[in-house]
Amino acid sequence: VEWNLTPFAAHNGLGKVMVIGSSGEMQYSSREGTDPPRLVIDYLVPTVTTETHTFLPTNDATVSQAKPKLIFGTKPTLQVKDAAKDFNAYVKFNVTGLTGAVQSATLRLWVTNGGPDGGRVYSTSPYYPNTTTQWLETGLKWNNAPAISGTAFDAAGAVAVGQWIELDVTAAVTGDGRASFALTNDSTNVVNYSSKEGPHAPELIIITN
């Protein structure tokens, strides 16, 4: 025997339900019987719509501690290396047009020269130090590069040539604005990634709902 309780459940929730007979005696199995009463609820799960946004860098560059005054912003590669004189890589995006909450943000880099340590990614200022001027690849060098500090968002580990690597930078992206990142490592083996002047520009993939 079935009763439709939908109108009652939709407006008031379900608390106690009482069955009253109009005439005669009826018997039903209790929860201690062979077929206990059941409350069957069908419900719809709302569909979550997501959007994927792909951004290419506005600027990217390598800086060299050995050549602190030289500018490498137009080179086809980004280099990462830890040695007596370091190489660090910087990449910046202009994030626009996000209409929902950020669910994830991923920095993708194409490996042109692999190594045992592809580097750690950090969020950096989009400005030259102690200024409100945004850094540009045509002016960025070791002597004026934004500081790399704080906790890394993700680490690449060993990377192989001819593949994309993906680094989770979700914590750095909350909405529209400039997203600036730096990569550094602890290996004396240089790792190269394609810059925006190379065959596969870096990508920032943002998923919103």
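Colleague: Hi! Where is N130 placed?
Modeller: N130 sits in the loop between β6 (120-123) and β7 (154-155). The strands are DSSP runs of E with at least two residues, numbered from the N terminus. This is a predicted model, where local features need pLDDT of at least 70, side-chain atom pairs count only at pLDDT 80 or more, and totals for chains, interfaces and linings use all residues. Residues are numbered from 1 along each chain as its sequence is written, and side-chain values use heavy atoms, leaving out hydrogens and water.

Colleague: Is N130 buried or exposed?
Modeller: N130 is exposed, at 85% relative accessibility. Buried means under 20% relative accessible area, exposed over 50%, and partly exposed in between (1.4 Å probe, protein chains only).

Colleague: And what is phi of N130 near?
Modeller: Phi of N130 is near 60°, a positive value in a residue other than glycine.

Colleague: Switching topic: how many residues has the largest nonpolar core?
Modeller: That core has 26 residues, and L107, F181 and Y193 are among those with the most contacts inside it. A nonpolar core is a set of buried Ala, Val, Leu, Ile, Met, Phe, Trp, Tyr and Cys residues joined through side-chain atoms within 4.5 Å.

Colleague: Which strand gives the largest share?
Modeller: β5 does, with 5 residues. A second, separate core has 8 residues, including W135 and A182.

Colleague: What about T106, buried or exposed?
Modeller: T106 lies in strand β5 and counts as buried because its relative accessible area is 19%.

Colleague: What is T106 in contact with?
Modeller: Leaving aside neighbours within four places in sequence, T106 is in contact with E166, L167, V169, E203, L204 and I205. Contact here means heavy atoms within 4.5 Å.

Notes
Helices (H or I, at least four residues) and strands (E, at least two) are DSSP runs, numbered from the N terminus.
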